[in-house]
Amino acid sequence: MRRFVLLAAASLLAPAVARAVDINDGQLAIHGDGAWSFQRTSNGNGYLDATPDGNYDLASFNLVVAARPEPRLTITADLAFDPHHVGLEWMFVEWRVSDQLRLRAGRVKQPIGSSGELIFAGTTRPFYQLPVSVYGPANIVANSYLGVGLTGQRSGDTAWGIEYDLYFGALKLNELETYRALEVPPEASVTAPITVDRQLVREILGGRLSLTTPFDLTLRVSGYGGRMDKDETSKVTFLVGGLSAEYQAGPLRLGSELFVSAEVHYEHSVGAHLTAAWWLDDHWQLAGRLEGFQTWVPRIDGVTPLQRHREGALALNYWFSPGLVVKASVHQVSGNRFVYPAHTSYQDLVTSPPARRTSMVLVGTQFAF
Amino acid sequence: MPRPLAILSTLLVLAAAPAAALEPAFVVVAHPGVPVAEVSRLELSRYFLKKSTQWPDGTPVRPVEPLDPRLRERFAQQVHQRSAAAIAAYWNALIFSGRDLPPLEKSDDADVVAYVRATPGAIGYVQAGTDTTGVKTVGIRRSP
């Protein structure tokens, strides 16, 4: 506990966040964002990075470097660092033909939903983490696509505006299937420890259309489809689609999304969330979120807790500036779709069902420059 | 619109803001080669949010901002009709999604004017009363 208090105090006493670095009038710009949190769960269950004993080792940092050697050409990369991993999160080259047409190629942030491109950017949202039911290992959103894309926007003489994205290539999904041992017949791997797998989806075609209205409301429809390796010999068609709405006016911020995904003939899932945040003054912000996720599998009779996730959460945030925030939240979870004891196997979840209800507390800081 | 009328319309737009801004808090300046003498509030907002990146003649728009937080707050409230914090959040989202980068920042008004004077397509804003020799003053139209 003493270590936690010291880390929290260090975060609070840290000097104001530095400004971005601009070199040669914007031809090279360096930005960064980072986070640290403490997360603890109850009832012996773990919830993604949160553990029953409390996980302090949750620090991350992203360095965004953008080079603009000429006005129409931009090369952008995001290098990600955490205590266990260093890697290239995304890197792409963009040629701006006009405001209505920008061509992109490389490993590009996936334009999906309201926040698919902002999974690591904690200062863009009221909760420390995005809702797991859409942005977690739920087979809906990938960190990036590998391929080529088009994007552009069009604004008329009024405050209406549209923005589109279209992309082709492949992507890797984070997949967590705690219900695997319930399938009949069970796979041989059900005695192995549960892991978050990386599932490649090939030959994808995806897109997003965003409509900005004069009423502080933004509506988005997004989705993609491709081919997924089901096993060594067969492929399945994989489809994802969803709707997103965001409303920001005065101190109120509302966001809601509904997504459906399907491995055709094998399983399908639905995830949704409603998030609300309210500024109490220039620094304090209160937020609440309800979310749910459920997976249906033809080879499993009915819907068990391993296929279901329900969560309610409350957060209280203190924003020192738009680039530095301390967040505290409490979460109440029902279901074991993403919540289960550590070091357990798929089979163990069936023979010794874990507690269905789990609480989580999270205290953390996020910053950006 | 003749230039005196454009300046008058700028004053009218600013007069619609809170009492603290009855006097024009800022003046919009542009490179002398920029092919407009006035813009609407919405157009100005789009140039600084990089939603419009070309002037009517195809020259790239190069927005630049001063660091002065009070001037930025006034510009954000009156042009974007948002707080400076909300604009900072807007740029955070664009930076970390790899979509765009915010306008250049210059440490003071003289640096903004010097950059605008030297850079084709540049547009900035400075405190009213700043020496704007060598740059064009751009009016703000009331209507779109």
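Helices here are DSSP runs of H or I at least four residues in length, and strands are runs of E of at least two, both numbered from the N terminus. With that settled, I can read out chain B. From the N terminus on, its elements go α-β-β-α-β-α-α-β-α-β-β, which comes to five helices and six strands. Please keep in mind that this is a predicted model.

Some totals for chain B. It has 144 residues, and 40% of them count as buried. Take the contacts in chain B between residues at least 6 apart in sequence: 70% of these join residues at least 24 apart.

Now chain A. This chain has three helices and 19 strands. Its radius of gyration is 21 Å, close to the 21 Å from the globule rule for 369 residues, so chain A is as compact as a globular protein of that length. The C-alpha trace of chain A spans about 60 × 50 × 40 Å along its principal axes. Of the 369 residues in chain A, 39% are buried. For contacts in chain A with a separation of 6 or more, residues 24 or more positions apart account for 60%.

In soluble globular proteins, nonpolar side chains tend to be buried together. Here the largest nonpolar core has 60 residues, and A:Y145 and A:L171 have the most contacts inside it. Strand 8 of chain A, residues 138-155, gives this core its largest share, six residues. What does A:Y145 touch, leaving out residues up to four places away in sequence? The list is A:V108, A:Q110, A:Y167, A:G169, A:L171, A:I204 and A:G206. Apart from that core lies another, of 29 residues, which includes B:I87, B:V116, B:I123 and B:V126.

On to where the chains meet. In this model, 19 residues of chain B are in contact with 29 residues of chain A. On the chain B side, the elements that give two or more residues are helix 2 (41-48) and helix 4 (84-96). Which of them gives the largest share? Helix 4 of chain B does, with seven residues. By class, the chain B side that touches chain A has eleven nonpolar, six polar and two charged residues.

Helix 4 of chain B deserves a slide of its own. At 1.5 Å a residue, its 13 residues should span 18 Å, and the end C-alpha atoms are 18 Å apart, which agrees. Its buried residues are B:I87, B:A89, B:N92, B:I95 and B:F96; B:I87 is also among the members of the 29-residue core. What covers these buried residues? The cover includes strand 2 (28-41), strand 4 (55-70) and strand 19 (357-368) of chain A, along with helix 3 (69-80) of chain B. Just after helix 4 of chain B, B:G98 takes a positive phi of about 75°.

Last, the strands of chain A behind that cover. Strand 19 of chain A runs antiparallel to strand 2 of chain A, with nine bridges joining them. Strand 19 of chain A is also joined to strand 17 of chain A, residues 324-334, by eleven bridges, and this pair is antiparallel as well. One residue of strand 19 to look at is A:L362. On strand 2, A:Q39 has A:L362 as its bridge partner, and A:S329 stands opposite A:L362 too.

That is the end of the slides.

Technical notes:
Residues numbered from 1 in each chain as written. Chains lettered and ligands numbered in written order. Predicted model: local features only at pLDDT ≥ 70, side-chain atom pairs only at ≥ 80, totals over all residues. Contact = placed C-beta atoms within 7 Å. Nonpolar A, V, L, I, M, F, W, Y, C, P; charged D, E, K, R; others polar. Core = buried A, V, L, I, M, F, W, Y, C linked by C-beta atoms within 7 Å. Buried ≥ 20, exposed ≤ 12 C-beta atoms within 10 Å, placed from the backbone. Rg over C-alpha atoms; globule rule 2.2 N^0.38 Å. Expected span 1.5 Å × (residues − 1). Pairing = 2+ DSSP bridges.
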